[in-house]
Amino acid sequence: LLSNPRYLHTLAQKGLFQDEKFIHYLNYLQYWRLPKYAKCIKHVHCLRFLELLQNDIFRKKCKEAPFIEMLHQNQYYHWCYSKTNQFQHKYQIKDDIHPN
């Protein structure tokens with residue numbers, strides 16, 4: 001669920017990001033970023049959010065609905081276009097159509 005910005009917003013609204021025990025728990029979860037564990041994760045955005053949650057400013061911003069909406073939009077556009085961009089780059093596909 002850590003890959004869901006709206007879930008992060010819920011945790012922030014409940015005050016969990018000010019709870020020292022929960023912050024220590026988030027720090028404990030960092031082991032998931034090790035390759036032997038990370039390969040088991042389906043939604044890899046949670047690893048980036050797990051990293052960002054180590055930052056107090058990020059945790060505070062998670063209370064703000066506009067910030068969460070921005071995260072959600074960025075995540076959505078990444079999902080929409082990252083594979084397409086990787087494929088196009090790999091095979092050097094261009095969107096330009098050149099007349100013969």
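Residues are numbered from 1 along each chain as its sequence is written. In this predicted model, local features need pLDDT of at least 70, side-chain atom pairs count only at pLDDT 80 or more, and totals for chains, interfaces and linings use all residues, while side-chain values use heavy atoms, with hydrogens and water left out.

Visitor: Which helix has the highest mean pLDDT among the elements of the protein chain?
Guide: The predictor's confidence in each residue, pLDDT, runs from 0 to 100, and the protein chain averages 82. Helices are DSSP runs (H or I, at least four residues), numbered from the N terminus. The lowest mean, 73, belongs to helix α6 (residues 65-91), and the highest, 95, to helix α2 (residues 20-28).

Visitor: Is S3 buried or exposed?
Guide: S3 is placed in the segment before α1 (5-13). Buried means under 20% relative accessible area, exposed over 50%, and partly exposed in between (1.4 Å probe, protein chains only). Because its relative accessibility is 12%, S3 counts as buried.

Visitor: With which side chain does the side chain of E51 make a polar contact?
Guide: E51 lies in helix α4 (residues 45-52). Beyond four places in sequence, E51 touches Q30 and R33, contact meaning heavy atoms within 4.5 Å. A polar contact is a pair of N or O atoms within 3.5 Å; within protein, one must be able to donate a hydrogen and the other to accept it, and residues adjacent in sequence count only if both atoms are side-chain atoms. At 3.4 Å, the partner of the E51 side chain is that of R33.

How values were computed: Helices (H or I, at least four residues) and strands (E, at least two) are DSSP runs, numbered from the N terminus.
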